[in-house]
Amino acid sequence: MRAIVLEQFGPIDNLKEAEVPIPVPSAGEVLIKISAVSVNPIDYKTRQGKGANNWTSFVLPEILGWDLSGTVVALGADVTEWKVGDEVFGSIGFPGLGRVDAEYAVAQAGHLARKPSAIRHEEAAAASMAGLTAWQALTRLTRPERGQRVLVHAASGGVGHMAVQIAKAFGAHVTGTSSSANRDFVLSLGADAHIDYRSLGIEDYPHDFDFVFDPLGGDATFRSLDLVKKGGTVVSILPQHGPRIFAEAAAKGVAFDFVLMQSRSDDMGEVAKLLADGAIRPRIAKTFPLSELGQAHALLETGRTAGKIVLTV
Ligand SMILES: NC(=O)c1ccc[n+]([C@@H]2O[C@H](COP(=O)([O-])OP(=O)(O)OC[C@H]3O[C@@H](n4cnc5c(N)ncnc54)[C@H](OP(=O)(O)O)[C@@H]3O)[C@@H](O)[C@H]2O)c1
């Protein structure tokens, strides 16, 4: 099969198109013929030798990527959840490797969800890691309730734009941040209010949120502890804070956690239900053919993507 293989950690040129054997599903796994994949910051961070390489030591050459949508074409032993011909999607293998930047991939049966018939493979791939991360972060400690005030930093990004829509589906009052260029996009997702982070310092944001979703990390995480009411919740998806953030949160009476996405069918299925109902929909900013994976990495690395970048296979 055709795949994009990372030969050495480093720049985009280290991603090379190659012919490699089609993987064989082991017990509990299925083989998927891939229709679309999407890229996430973890893809380029891992390519650079950071990202998943920080916790999963793997030997190059390797195939990167986690988000896929496609069709089950073979089953390993003991798979009862899926049959050949099922259309499935998900962010697979995480926090290990997913190996989806290829024509075929094997996935654990318990990492997939059924692709809703109303959405295209490109949309399903786009909603995978972004939707699953947003879902797990918005439900891990507590789930924002109807009318509660939720702040989503980086609301125009891959994860943020899913978080805005999921929080709205819960009935929350949502404020999203982005630059002014993405204001209309953030409001189009259903956000009730917008903050331009370039013209208002984070210390001047309202301080009455019940829940802050933080895909920024660093200083923004610490400052977010001051933006929630006592008893409120801050969930970050950037692991840059060490134990000090937990101590500060406890001292302020704020519930805090860091969420590292976990591949799992039940949560992916919850995202699938919202997609099927039309309650959430990923925005595809740009589509490339798989052969142009390097260009997809380059575009995502600008940090300016509004929505998701997808590749068709
Ligand atoms: N823990 C996990 O399991 C997990 C899972 C997925 C992602 N992540 C991490 O979460 C982060 C976000 O991922 P992503 O896919 O959403 O990235 P992304 O799509 O590349 O995010 C780009 C967006 O961020 C916005 N942005 C940049 N700086 C901002 C700031 N200071 N304030 C508000 N908005 C800002 C940009 O809006 P403007 O252009 O308008 O500035 C842009 O729309 C990455 O670091 C990623 O590695 C973690």
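**Notebook: pockets in the predicted model**

I looked up the largest pocket and found that 41 residues line it, with P41, Y44, K45, P215 and L238 lying nearest its centre. I noted the terms: on a 1 Å grid over the protein atoms alone, a pocket is an open set of points where a 1.4 Å probe fits, with protein on both sides within 12 Å along at least five of seven lines, and a lining residue has an atom within 4 Å of a point.

Before going on, I recorded that this is a predicted model, in which local features need pLDDT of at least 70 and side-chain atom pairs count only at pLDDT 80 or more, while totals for chains, interfaces and linings use all residues. Residues are numbered from 1 along each chain as its sequence is written, and side-chain values use heavy atoms, with hydrogens and water left out.

The largest pocket holds about 1200 Å³ of space, a volume being the space filled by probe spheres set on grid points that are joined across faces, edges and corners. I then read its lining by class and found 20 nonpolar, 16 polar and five charged residues (Ala, Val, Leu, Ile, Met, Phe, Trp, Tyr, Cys and Pro count as nonpolar, Asp, Glu, Lys and Arg as charged, and the others, Gly among them, as polar). Among the elements, α1 gives the most to this lining, with four residues (helices, H or I, at least four residues, and strands, E, at least two, are DSSP runs numbered from the N terminus).

Of its 18 lining residues, P23, G98, R99, A105 and V106 are the closest to its centre, and strand β7 (residues 104-108) supplies the largest share, five residues.
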